[in-house]
Amino acid sequence: MNDLNDIERKARMLMTAHGVGSLDFAFDRGTRRIAALHMAKYNSATGPVNLAKKITFSRKWALVLPEQDVWEVMIHEIAHALTCNARTPHGPEFAAVVRRLGGKATKRCFSPSVNIDGTPRKVVA
């Protein structure tokens, strides 16, 4: 089982290293999704603008995911923060940022290797 304090410390270090250290980070009670980027919308003279505010990570998922999966998800959310005004949330610009940050931009969303109860996930061929 992972240590939440260690995950939070490393997540904040990763966020800072990639230029989004000013964002808030918190654990939440999510079970259907692993993590999320929370944004605020503002209207500017040139049109609506999204502003990244906070990254949240499911406490339950954080406890059971293998460490590599935790960091892959964090890279995914940091990439959202860096591209929050892109035309498509999981488009080419987002994928390029994920790759630049060292993540795998092979899928739209992340598929964990375990279930939320920590048991191995069955792979359907």
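Which residues have the most contacts inside the largest nonpolar core? In this predicted model, they are Met15, Leu23, Phe25, Ile55, Phe57, Met74 and Ile78, within a core of 31 residues. Two or more core residues come from each of α1 (4-17), β1 (24-28), β2 (35-44), β3 (47-58), α2 (59-64), α3 (67-82) and α4 (92-100). The largest contribution is that of α3, which supplies eight residues.

Met74 belongs to the group with the most contacts inside the core. Leaving aside residues up to four places away in sequence, Met74 touches Ala11, Leu14, Met15, Phe25, Ile55 and Phe57.

Histidine 80 lies in helix α3. Is histidine 80 buried or exposed? Histidine 80 counts as buried because its relative accessibility is 14%, and the cut-off for buried is under 20%. The side chain of histidine 80 makes a polar contact with the side chain of histidine 76, at 3.1 Å. With residues up to four places away in sequence left out, histidine 80 touches Leu37, Pro89, His90 and Phe94.

Glycine 118 is located in the segment after α4. Its relative accessibility is 32%, so glycine 118 counts as partly exposed; that class lies between the 20% and 50% limits. Glycine 118 and glycine 30 are separated by 88 residues in sequence, and their C-alpha atoms are 15 Å apart in space.

The accessibility values are listed below.

| Residue | Relative accessibility | Class |
|---|---|---|
| Histidine 80 | 14% | buried |
| Glycine 118 | 32% | partly exposed |

Methods. Residues are numbered from 1 along each chain as its sequence is written. This is a predicted model: local features need pLDDT of at least 70, side-chain atom pairs count only at pLDDT 80 or more; totals for chains, interfaces and linings use all residues. Side-chain values use heavy atoms; hydrogens and water are left out. A nonpolar core is a set of buried Ala, Val, Leu, Ile, Met, Phe, Trp, Tyr and Cys residues joined through side-chain atoms within 4.5 Å. Buried means under 20% relative accessible area, exposed over 50%, partly exposed in between (1.4 Å probe, protein chains only). Helices (H or I, at least four residues) and strands (E, at least two) are DSSP runs, numbered from the N terminus. Contact means heavy atoms within 4.5 Å. A polar contact is a pair of N or O atoms within 3.5 Å; within protein, one must be able to donate a hydrogen and the other to accept it, and residues adjacent in sequence count only if both atoms are side-chain atoms.
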